[in-house]
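Hi everyone, thanks for coming.

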Amino acid sequence: MKFEVTILGSSSATPVYNRNPSAQLLNCNEKYYLIDCGEGTQQQLARFNLKAARIDYIFISHLHGDHYFGLIGLLSSLHLNGRIKPIQIFGPKPLLEILEIQFKYSDTVLRYPIEFFPIEADQSTQIFENSDLIVKTIVLNHRIPTTGFIFQQKKRQRKLIKDKTDEVPMVYYTSLKKGIDVELPNGDILRSADYTTEADAPRCYAYCSDTLFDERYFSTIKDCDTLYHEATFMHDLLDRANETHHTTALQAGEVAKITGAKKLLIGHFSSRYKTLQMLLEEAQSVFENTELAVEGRTFQL
């Protein structure tokens, strides 16, 4: 099953040096989940040949503009392009009021319904579930209420061994994939273990947007396969990071190491950095399996 994320924006605060503010597109089994929606997100979707019309779920971490200023434009474009199916938005409660005011004073009545789900930043809770994923919040420590998100795949059914199941009636496939042995009318037994193999282990993606280094959220993200963590500054600017409630690249590496992540992606880079290699090297000095969340790159999770 496809489980991958494409980076649409990796800058903090303002667009700079061809870097846009925060946005990512998660593809799980060909369903699209937009994570944050900074300025220019819909242009990035077009640039990387990702169809905005396929987005049915949007998750907004907090109400600093670099994480949601692109949302009204995206929703308006979907309206102008004739969307009629609902879209689900998960975000801080005041976000709905912000959207309603903008639509009110632009005299816009959307052709499609927005299903809005307010999220709280005081405790980690499950906010979404479908046949593919469970999504939970991560309580982060920023200047305003902020959550990250954990996208946890559900356990899949066992895989059929094609060479062995060619002669097995299809009516028995469902039971075998569920791990259930089947008794044939003649009394023979088809054992699930003989005709199927274990499904791939479910994977987990943790998205930590803006936060201080704070051990209180570490248990929530423990043992994730891939961790995205903000790394706004180099560690020589630790005082500035603490002042603005952000994390350094070194600290992001420490979070990945402490929580047992298998891979770390760092992003949300300050506009002061024209090149990013030194942030990468700083994080790698603590956690070797680190990569830059470079715009346009798609990471298998």
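I'll start with the overall picture and then visit a few places along the chain.

A word on the ground rules: this is a predicted model, where local features need pLDDT of at least 70, side-chain atom pairs count only at pLDDT 80 or more, and totals for chains, interfaces and linings use all residues. Residues are numbered from 1 along each chain as its sequence is written, and side-chain values use heavy atoms, with hydrogens and water left out.

So, the whole chain. Its secondary structure comes to 9 helices and 18 strands; these are DSSP runs numbered from the N terminus, helices being H or I with at least four residues and strands being E with at least two. Along the principal axes, the C-alpha trace spans about 75 × 50 × 35 Å. Of the 301 residues, 52% count as buried, where buried is under 20% relative accessible area, exposed is over 50% and partly exposed is in between, with a 1.4 Å probe and protein chains only. Contact here means heavy atoms within 4.5 Å. Among contacts between residues at least 6 apart in sequence, 65% join residues at least 24 apart.

Next, the domains, whose bounds come from an automatic or database domain assignment. Domain 1 takes in 3–156 + 200–300, and domain 2 takes in 159–196. Their C-alpha centres lie 42 Å apart.

Now to a pair of helices. At what angle do helix 2 and helix 3 pack? Helix 2, residues 71–80, and helix 3, residues 94–105, pack at about 55°, with their axes 11 Å apart. Axes are lines fitted to C-alpha atoms, for helices over the stretch in contact, and angles run from 0 to 180 degrees between N-to-C directions. Helix 2 and helix 3 are therefore oblique to each other: under 35 degrees counts as roughly parallel, over 145 as roughly antiparallel, 65 to 115 as roughly perpendicular, and the rest as oblique. As for who meets whom, Leu71, Ile72, Leu75 and Ser76 in helix 2 touch Leu95, Leu99, Gln102 and Phe103 in helix 3.

Phe103 leads us to Thr108, which it touches along with His79, not counting residues up to four places away in sequence. Thr108 sits in the loop between helix 3 and strand 6 (114–119), and at 23% relative accessibility it is partly exposed.

Most residues other than glycine have a negative phi. Tyr17, however, has a positive phi, near 50°, and lies in the loop between strand 1 (3–9) and strand 2 (23–28). Glu30 has a positive phi too, near 65°, in the loop between strand 2 and strand 3 (31–37). Both are partly exposed, Tyr17 at 38% and Glu30 at 39% relative accessible area.

My last stop is helix 8, residues 249–259. Here 8 of the 11 residues are buried, so helix 8 is largely enclosed by the rest of the structure. Among the buried ones are Leu250, Val255 and Thr259. What do the buried residues of helix 8 pack against? Their partners are strand 15 (226–230), helix 7 (238–244), strand 16 (263–267) and helix 9 (277–284).
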